[in-house]
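Let's take a friendly walk through a protein fold, one piece at a time. Keep the picture open beside you as you read.

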Amino acid sequence: MNGDGGVQELYEQYKGLLFTLAYQLTGSTSDAEDVVQDVFLKIYEVDLELVVEPKAYLCKMVTHRCWDLLKSARKKREQYFGPWLPEPILTSNDESFEFVVRKEMLFYSMLVLLERLSLLERAVFVLREAFGFEYSDIAEMINKSETNCRKMLSRAKVKIGITNEQQIHGDVASEAWVHRFITALEQNNVNAVVSMLAEDVVLVSDGGGKVSAAVHPITSRDLVTRFLLGLVRKSAHEEEGIQVAIRELNGQTGVVIQTTQGVETVVLMHVEGDLLRHLYFVRNPEKLNHVLHHS
């Protein structure tokens, strides 16, 4: 058994890293918080003197706890109404967000792609690409051989459509680009909006059956332009004042849309070569709690 001091020290040192790992494995802040709490409760039963690498040991515990959670969550996600998107998370520099280790945070569009992977592939991808663990460490954490881990990473990259040479973090819309895009929408400048969208742009909206949202992804420049300008026109006639704020979400520039009732929508973007490729609208109120409490 361990004294409180040793566990507390580990908690202070690793809680941010472990939360960031759990969040990227589950796509949920509440699940990530639960996982970290569970792991530190279990640590009291471990003889810390026998733990050679505390960081790797704790990451292994977090990974296995996330698998347990995800196995039970799979069924729920299969029955989810409409597209399922990961929960967005604020990552500004304020003290309230110090638990997020930003340099080890994959961008949002990558988290969306990770949903295509098996639990093992997802763990190998996050541990290697976001956290930079050696294959030998990953093999020990997931109880597989190094060769197996290398194959899984390679398979994961094929599934999400990136080559080994590609930067996994991809391009991110700058704050200036996002401002320009919002201005074009507000001014109903169709040509400007169209010029900022890729031809095969895709808009995905997650309302979880709790609020209105597009049930299927909207694809093509024409349809996405119509949808966005329609939303802007509709909001102009709303009784309640709508506020649009640019915030840092998941380590990138995002948009938070609020009414007098609170946060209504969070929008994240994936830009390639200055053109918008993916637009993610998170509207399910259950996924906006974290943003709501810190906005």
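Start with two strands that run side by side: E1 and E6 pair in the parallel sense, over six bridges. In this pairing, Asp206 stands opposite Val282 in E6. Please keep in mind that this is a predicted model.

## The sheet

E1 also has a partner in E2, and these two strands run antiparallel, joined by two bridges. Look for Leu203 here: its bridge partner in E2 is Ile218. How much of E1 is buried? Eight of its ten residues are, so E1 is largely enclosed by the rest of the structure.

Now zoom out. Six strands form an open sheet, and reading across it gives the order E2-E1-E6-E5-E4-E3, with mixed pairing. Which strands stand at the edges? They are E2 and E3 (243-249); each has a single partner strand, so one side of each is left without a neighbour in the sheet.

Next, move to the part of the sheet that holds E3, E4 and E5. E3 and E4 run antiparallel and are joined by seven bridges. They form a hairpin with two residues between them, and Asn250 in the turn has a positive phi of about 50°. E4 (residues 252-259) then pairs with E5 (residues 262-272), again in the antiparallel sense, over five bridges. E4 and E5 also form a hairpin with two residues between them.

Another pair to look for is Gln258 and its bridge partner in E5, Val263. As for burial, seven of the eight residues of E4 are buried, so this strand is largely enclosed by the rest of the structure.

Here are the strand pairings described so far:

| Strand pair | Sense | Bridges |
|---|---|---|
| E1 and E6 | parallel | six bridges |
| E1 and E2 | antiparallel | two bridges |
| E3 and E4 | antiparallel | seven bridges |
| E4 and E5 | antiparallel | five bridges |

## Two helices on the sheet

Helix H8 lies across E1, E3, E4, E5 and E6, running at about 160° to E3. Helix H10 packs on the sheet as well, touching E1, E2 and E6, and its direction makes about 50° with that of E1.

What span should H8 have? At 1.5 Å a residue, its twelve residues should span 16 Å, and its end C-alpha atoms are 16 Å apart, which agrees. The buried residues in H8 are Trp177, Val178, Phe181, Ile182, Ala184 and Leu185. Seen down the helix axis, they fall within an arc of 160°, so they line one face of H8. After H8 comes Asn188, whose phi is positive, near 55°.

H10 (residues 221-236) has 16 residues and reaches 23 Å from its first C-alpha to its last, close to the 22 Å expected. Its buried residues are Val224, Thr225, Leu228 and Leu229. Why do we find them on the same side of H10? They cover an arc of only 120° around the axis, which puts them there. On the other side of H10, Arg226 and Lys234 are exposed. The buried residues of H10 pack against H8 (175-186), helix H9 (190-195) and strands E1 (197-206), E2 (218-219) and E6 (275-282).

Finish with two single residues. Is Ser109 buried or exposed? At 12% relative accessibility, Ser109 counts as buried. It lies in helix H4 (residues 108-114). Leaving aside neighbours within four places in sequence, Ser109 is in contact with His270 and Tyr280.

Asn143 lies in the loop between helix H6 (135-142) and helix H7 (146-160). It is exposed, with a relative accessible area of 53%. Apart from neighbours within four places in sequence, Asn143 is in contact with Lys60 and His64. The side chains of Asn143 and Lys60 are joined by a polar contact of 3.4 Å.

Notes: Residues numbered from 1 in each chain as written. Predicted model: local features only at pLDDT ≥ 70, side-chain atom pairs only at ≥ 80, totals over all residues. Heavy atoms only, no water. Helix = DSSP H or I, 4+ residues; strand = E, 2+ residues; numbered from the N terminus. Expected span 1.5 Å × (residues − 1). Buried < 20%, exposed > 50% of the residue type's maximum accessible area, 1.4 Å probe, protein only. Arc of directions from axis to C-beta. Contact = heavy atoms within 4.5 Å. Polar contact = N/O pair within 3.5 Å; in protein donor to acceptor, adjacent residues only side chain to side chain. Pairing = 2+ DSSP bridges. Axes fitted to C-alpha atoms, helices over the stretch in contact; angles between N-to-C directions.
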